[in-house]
Amino acid sequence: MKARLFTPGPTPVPEETLLELARPVTYHRAPEAKAILAEVSEDLKYVFQTANPVFTLTCSGTGGMEAAVVSSLAPGEKVILCTAGRWGERWRDILKAFGANIVALEVPYGNPVTPEMLAEALGKNPDAKAVFATLSETSTGVGHDLEAFGKLVAKTDAILIVDGISGVGAMECHVDKWGIDICVTGSQKALMMPPGLAFVSVNEKAWKKIDATPVRAFYFDLRRYRKSLAESDTPFTPANTLIRAQRASLKRIRAEGIENLWARHAKMAAACRAAVKGMGLELFAEKPNNALTVITVPGGVDGSATLKKLEKHHGYKLADGQDTLKGKIWRLSHMGYTDAFEVLGAISALELVLLESGFKMDPGSGVAAFQRQYASK
């Protein structure tokens, strides 16, 4: 049976990228390696929609998040944290580890932090040094209005630091135009790669804060990466085989065009949401994003058991909920190297498993709703 990956990370990897990973290992300080890094860095600027450098770190996305925190904050400095799920909580845990004074804006799972909430918090905390937010909250399927966040933070001395790990490349995101001062993403989501690389963009406003902050890290000090990237290099041994493969996936994004990529993801997401409703199911997120669709498990259905049957009988791997949401939601990714017909197959397989479990629905209702929405202009 063919395995079909629909988790929100890692995601499927294009064949030409996989072939790059099969090539012999080369020396990471050779001129060829530096040329590849320079090429990747330029293409990342296009994906991020920024004129500022984008740094490549050999680590998970969490490593990039930690680099953003430890490079830009001194112990005890106040920050505003927008928390709408597990990955907002990841920001919280990193900030706690480095002694930040956190003003938390927390909302129930499935809801977004609103611009109005952030505006109020900024007004009450004019001494905040940074605002932390998440573009795509993959634990709940929520998307945030970062354009509005950026306009609010730009009026202050605070810097806006964003987890774009599952959003960049799948959702519209203009790092420069929206005033995102530091943005982090990872290789294994919409950038169509295995895990192992994090990418961090930093603008001039953020550099002023970083340069005024005492050094508190060695590997994750972004100042080291700035110095090395000036010579198309990294301060530490990079995963150069992954960087070489990332070049291939970035060329695919370049060929499609970032606006076309955003539009394709938006179209698939809208069709998937229509399919969910057509099946008589409910969306979990109040403000869904375009990287994945999160479905509320209906009453009387064992959510975790359904996912196991889906994988065992049909080869489709969707993600369960995390922590308190385990067994209560299904997370269906449609980011990166995934097309509409693959998502349609996942909907069809989910229908079959639900029908086998006794869930009352008309066979093909979700498939038909997907097709109607996808065919509409």
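This is a predicted model: local features need pLDDT of at least 70, side-chain atom pairs count only at pLDDT 80 or more; totals for chains, interfaces and linings use all residues.
The cut-off for buried is under 20% relative accessible area. F218 is exposed, at a relative accessible area of 53%, and the cut-off for exposed is over 50%.

By the ring-centre rule, the count comes to nine aromatic pairs. A pair of aromatic rings is described by the distance of the centres and the angle of the planes. For the pair of F218 and F236, the centres are 5.4 Å apart and the planes make an angle of 50°, which is classed as tilted. F218 sits in the loop between α7 (204–211) and α8 (222–229), while F236 sits in the loop between α8 and α9 (240–256), so the pair ties together parts that are 18 residues apart in sequence. Ring pairs also link F218 and F236 with Y219, F220 and Y225 into a cluster.

## Buried side of α8

Y225, a member of that ring cluster, is also one of the buried residues of α8.

## Contact of α12 with α13

Helix α12 covers residues 340–356 and helix α13 covers residues 365–375. Their axes come within 8 Å and cross at roughly 155°. Angles over 145 degrees count as roughly antiparallel, and α12 is therefore roughly antiparallel to α13. The crossing of α12 and α13 is right-handed.

On the α12 side, the contact is made by A340, V343, L344, I347, S348 and E351. On the α13 side, S365, G366, V367, F370, Q371 and Y374 take part. The residues of the contact divide into seven nonpolar, four polar and one charged.

T17 belongs to helix α1, which spans residues 15–21. T17 has 0% relative accessibility and so counts as buried.

Apart from its neighbours within four places in sequence, T17 is in contact with M192, M193, A245, A248 and S249.

Conventions
Residues are numbered from 1 along each chain as its sequence is written. Side-chain values use heavy atoms; hydrogens and water are left out. Axes are lines fitted to C-alpha atoms, for helices over the stretch in contact, and angles run from 0 to 180 degrees between N-to-C directions. Helices (H or I, at least four residues) and strands (E, at least two) are DSSP runs, numbered from the N terminus. Angles under 35 degrees count as roughly parallel, over 145 as roughly antiparallel, 65 to 115 as roughly perpendicular and the rest as oblique. A crossing is left-handed if the near helix is turned anticlockwise from the far one by less than a right angle, and right-handed if clockwise. Contact means heavy atoms within 4.5 Å. Ala, Val, Leu, Ile, Met, Phe, Trp, Tyr, Cys and Pro count as nonpolar, Asp, Glu, Lys and Arg as charged, and the others, Gly among them, as polar. Rings of Phe, Tyr and Trp (its six-membered ring) pair if their centres lie within 6.5 Å; planes under 30 degrees apart count as stacked, over 60 as edge-to-face and the rest as tilted. Buried means under 20% relative accessible area, exposed over 50%, partly exposed in between (1.4 Å probe, protein chains only).
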